[in-house]
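This report describes one protein chain and the ligand modelled with it. Look through the sequence and the structure first, then read on.

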Amino acid sequence: MSLKDAVTTALAGVEDPQGGDVLASGRAAGIVVKDDGQVGLVLAVDGLDRTTAERLQATVEAAVKRVPGVSAARIILTADRASAPAGNARPRETTVPGIRKLVAVASGKGGVGKSTVAANLAFALARAGQTVGLLDADIYGPSVPTLLGIEGRARVENDKLQPEMRHGIKALSMGMMTDPNKAIVWRGPMASSALVQMVEQCDWGALDVLVIDLPPGTGDVQLTMAQKLKPDGAVIVSTPQDLALIDARRAVAMFGEVGVRVLGVVENMAGYCCPNCGHVSDPFGHGGAEKEAEAMGVPFLGRIPLQMEVRTASETAQPVSGETAAIFDEIARSVMVTVGL
Ligand SMILES: Nc1ncnc2c1ncn2[C@@H]1O[C@H](COP(=O)(O)OP(=O)(O)O)[C@@H](O)[C@H]1O
Ligand SMILES: [Mg+2]
């Protein structure tokens, strides 16, 4: 049995205070086992009061540490911070009927791979059986048309924008709005209201989750978007570089300000593996985002290596494959557990 299987079995033996075990109930997820025996996992404590949550964390930690071969266990508690009182895990209706959950993907600055992560997170959620929409709200540089190979403008039927179906997800982008002759007239001058209209006036049908690729940065536009759309959570993308991390910290603070739960940090462009000689180098450093996430008290969701394959996949409008796809599957699982999908 692999160490991960042993840890999984141990978790199946821990009772969920609300019935069943913590694995079957989906409370424990995102299990990561490192070569040196360090284990990390996410424990969703929604619906539990503080004492019960802390007791459960201790029980889970002890159960994991008892597994032979485990050197350390890190249990990250996640919960909707706004719902402090016991037993208050009320499901929130999103602003759009038919869309169960809104997940924003944000970054402190541009060029860190936010759109790449948003698209591949959307693909991974679809692989996990969810009905998924992807909204590219990047008014400065929409990239979803390229990432998904969408050409031309969005069709309008029955007064509703029609998303394009690609690799099993429904996508709509700011880049599909910009026909100068048939410009859509946004009500209100703000780009943020344009975004809200795109969410509300698009024919999404029933969605389990809408992934929103937010514009980079932490200015008024992003703040207003977060306030108006009230996403169920935000994923922050950063490179391991110090400068990007400072911006990532700002993004976490911004979501805190408007009461949007930070689902975690994804480190992108970590460690470059030379396709010729196999040597792994770290152009932007390594592990910085994980340390930063820990310092900020938000979950670390995963690390995407800097790879030629990621870039060629995005240029040819394909989802990433192989090991990189598996990393996105893990990230998607953590996100699903935390937002309650
Ligand atoms: N892990 C990675 N490895 C290699 N190239 C990447 C990786 N992540 C993103 N890229 C490339 O970097 C560029 C910027 O990515 P993009 O997702 O558009 O960033 P952003 O949305 O943050 O501006 C794109 O060309 C993309 O293909
Ligand atoms: Mg982008």
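The shell around ligand 1 divides into 6 nonpolar, 10 polar and 2 charged residues. The model is a predicted one. In total, 18 residues surround ligand 1, and the closest are G113, K114, S115, T116 and V310.

**The chain as a whole**

The chain has 341 residues, of which 45% count as buried. Its secondary structure comes to 10 helices and 14 strands. Among the contacts in the chain with a separation of 6 or more, 74% are between residues 24 or more positions apart.

**The nonpolar core**

In soluble globular proteins, nonpolar side chains tend to be buried together. In this model the largest nonpolar core has 100 residues. V105, L121, A122, V211 and V235 are the residues with the most contacts inside this core. The element that gives the most to the core is α3, with 9 residues.

Leaving aside neighbours within four places in sequence, V105 is in contact with K114, V117, A118, L121, V211, I212, D213, L214, V235 and V237. K114 is also one of the residues closest to ligand 1.

**Strand β12 and its partners**

Which strands pair with β12 in the parallel sense? One is β11 (residues 233-238), which pairs with β12 over 5 bridges. Another is β14, which pairs with β12 over 6 bridges. β14 is mostly covered as well, since 6 of its 7 residues are buried.

β12 is also joined to strand β13 (residues 280-281) by 2 bridges, and here the strands run antiparallel. β12 and β13 form a hairpin with 6 residues between them. In the turn of this hairpin, G278 has a positive phi of about 80°.

Some of the residues that stand opposite each other in these pairings are listed below.

| Residue | Opposite residue |
|---|---|
| V235 in β11 | G264 in β12 |
| A270 | P305 in β14 |
| Y272 | L306 in β14 |
| Y272 | S281 in β13 |

**Positive phi angles**

Most residues other than glycine have a negative phi. M269 has a positive phi of about 65° although it is not a glycine. M269 lies in strand β12. Is M269 buried or exposed? M269 has 25 C-beta neighbours inside 10 Å, and the cut-off for a buried residue is 20 or more, so M269 counts as buried.

H167 is another residue other than glycine with a positive phi, in this case near 45°. H167 lies in the loop between β8 (164-166) and β9 (169-173). With 17 other C-beta atoms within 10 Å, H167 is partly exposed.

S2 is found in the segment before α1 (3-12). S2 has 9 other C-beta atoms within 10 Å, and a residue with 12 or fewer is exposed, so S2 is exposed. S2 and V33 are 31 residues apart in sequence, and their C-alpha atoms are 9.9 Å apart in space.

Q38 lies in strand β2 (residues 38-44). This residue has 13 other C-beta atoms within 10 Å and is partly exposed. How far apart are the C-alpha atoms of Q38 and S71? They are separated by 5.3 Å, while the two residues are 33 residues apart along the chain. Leaving aside neighbours within four places in sequence, Q38 is in contact with S71 and A72.

How values were computed
Residues are numbered from 1 along each chain as its sequence is written. Chains are lettered from A and ligands numbered from 1 in the order in which they are written. This is a predicted model: local features need pLDDT of at least 70, side-chain atom pairs count only at pLDDT 80 or more; totals for chains, interfaces and linings use all residues. A residue is near a molecule or strand if its C-beta atom, placed from the backbone, lies within 6 Å of it. Ala, Val, Leu, Ile, Met, Phe, Trp, Tyr, Cys and Pro count as nonpolar, Asp, Glu, Lys and Arg as charged, and the others, Gly among them, as polar. A nonpolar core is a set of buried Ala, Val, Leu, Ile, Met, Phe, Trp, Tyr and Cys residues joined through C-beta atoms within 7 Å. Helices (H or I, at least four residues) and strands (E, at least two) are DSSP runs, numbered from the N terminus. Two residues are in contact if their C-beta atoms, placed from the backbone, lie within 7 Å. Two strands pair if DSSP finds at least two bridges between them.
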